[in-house]
Amino acid sequence: MTTVELIAPCHFGMEAILKREILDLGYEISRVEDGKVTFIGDMEAICYANVFLRTAERVLLQVGRIHAETFDELFEKTKALPWEAYIPEDGKFWVAKATSIKSKLFSPTDIQSIMKKAMVERLKSVYHKEWFEETGASYPVRVFFMKDEAVIGIDTSGESLHKRGYRLLASKAPITETLASALIMLTPWKKDRILVDPFCGSGTFPIEAAMMAANIAPGMNRSFLSEKWTNLISQKLWYDAVDEAREMVDENAETDIQGYDIDGTIIKAARENARKAGVDHLIHFQQRPVSELNHPKKYGFVITNPPYGERIEEKENLPGLYREIGKSFARLDSWSEFVITAYDEAEKYIGKKADKNRKIYNGMMKTYFYQFMGPKPPGKVQKETGKYR
């Protein structure tokens, strides 16, 4: 089968997590850049990447990389790319998104317009047509300009991969499923350890953790744009990927995952989202304020996204809220806590300094991922030696 390069965009700072996921799927990495990982695969890889990757925002089929400093140059180099290898005669094609950073060509709408014209000219010369009906499958193009170098790809996913299909109801400031997964993977949490989110909102952290614990592929229950690319990908490849995902689900998974929120309405929404994700039996949701956060067991994990005052009147309440978070953490003195927030005084009011603090861009918002590491649990005693592992 012909190999191609595939581009998986991700949240800035999460490239290493995504790279590990792609390697675990068995594909070779060709380059890692800010906000995206490029890897080598075949048409089957498009199916597997869309179904199995937890931290990628989408999967793009790379058409080419070009250098362009003028619109004439952009037109000619776009026209020189082999669009006919991917877009059939009846295909619907357009430049869905263009981004430009530190480049001479900086107008997204102009980039989109010029590239569409160049694609049309290329396909006219190949298909010997003056007009395209564009009644077939969709082939939306995305282009990323950085320092006059453009990466051009066709979107295989359609809706962003963070849309797993389970979150029909959301709290007012939800964290995306892809970012939640990446943050969980940044921690040492494993499915045999307790996990509590005291600000669970619509349940994203607990649900993503439960899906990991039960080995439920994130794209198993949704559709993808490239399923209609019958000129490139046979339906059998999609069936094989989804069948393999279903076979890998651990029906007997056991976890101790809990989600709390002060808002009873949003807790109901979280339960419904968990049911749609097939993990409601693995999570205990409860209406409870952070002041009542407690647990009798040791060595658990808190992973949470507390409020950070998007409105001025909310900002006034933040010192008190984060002091309450600090008191709750103090009661869980053997636990590890991981907090993502845009509130830059979080450590001050929580009352302790984080062991690690990673800056992460959640969309355009700069946030901080504070990591407060607790002690490691003692190893299990081995019968043969009586020693700890």
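Reader: Is Thr176 buried or exposed?

Author: Buried means under 20% relative accessible area, exposed over 50%, and partly exposed in between (1.4 Å probe, protein chains only). Thr176 has a relative accessibility of 17%, so Thr176 counts as buried. This is a predicted model, in which local features need pLDDT of at least 70 and side-chain atom pairs count only at pLDDT 80 or more, while totals for chains, interfaces and linings use all residues. Residues are numbered from 1 along each chain as its sequence is written, and side-chain values use heavy atoms, with hydrogens and water left out.

Reader: Where does Thr176 lie, and which residues does Thr176 touch?

Author: Helices (H or I, at least four residues) and strands (E, at least two) are DSSP runs, numbered from the N terminus. Thr176 belongs to the loop between strand E7 (149–155) and helix H5 (177–186). Contact means heavy atoms within 4.5 Å. Not counting residues up to four places away in sequence, Thr176 touches His11, His162, Arg167 and Thr204.

Reader: With which side chain does the side chain of Thr176 make a polar contact?

Author: A polar contact is a pair of N or O atoms within 3.5 Å; within protein, one must be able to donate a hydrogen and the other to accept it, and residues adjacent in sequence count only if both atoms are side-chain atoms. The partner is the side chain of Thr178, at 3.3 Å. The side chain of Thr176 also reaches the backbone nitrogen of Leu179 at 3.3 Å.

Reader: In what order do the seven strands of the open sheet stand?

Author: Strands of a sheet pair through backbone hydrogen bonds, either parallel or antiparallel. Two strands pair if DSSP finds at least two bridges between them. Here the order is E10-E9-E8-E11-E12-E14-E13, with mixed pairing. Strand E10 (283–287) and strand E13 (356–362) stand at the edges, each with a single partner strand, so one side of each has no neighbour in the sheet.

Reader: Which strands pair with E11, and in what sense?

Author: Strand E8 (residues 195–197) runs parallel to E11, joined by two bridges, and Leu195 stands opposite Phe301. Strand E12 (residues 336–341) also pairs with E11 in the parallel sense, over four bridges; there, Val339 is the bridge partner of Thr304.

Reader: Which residues of E11 lie on each side?

Author: In a regular strand the side chains alternate between the two faces of the sheet. In E11 (residues 301–304), Phe301 and Ile303 are on one side and Val302 and Thr304 on the other, all buried.
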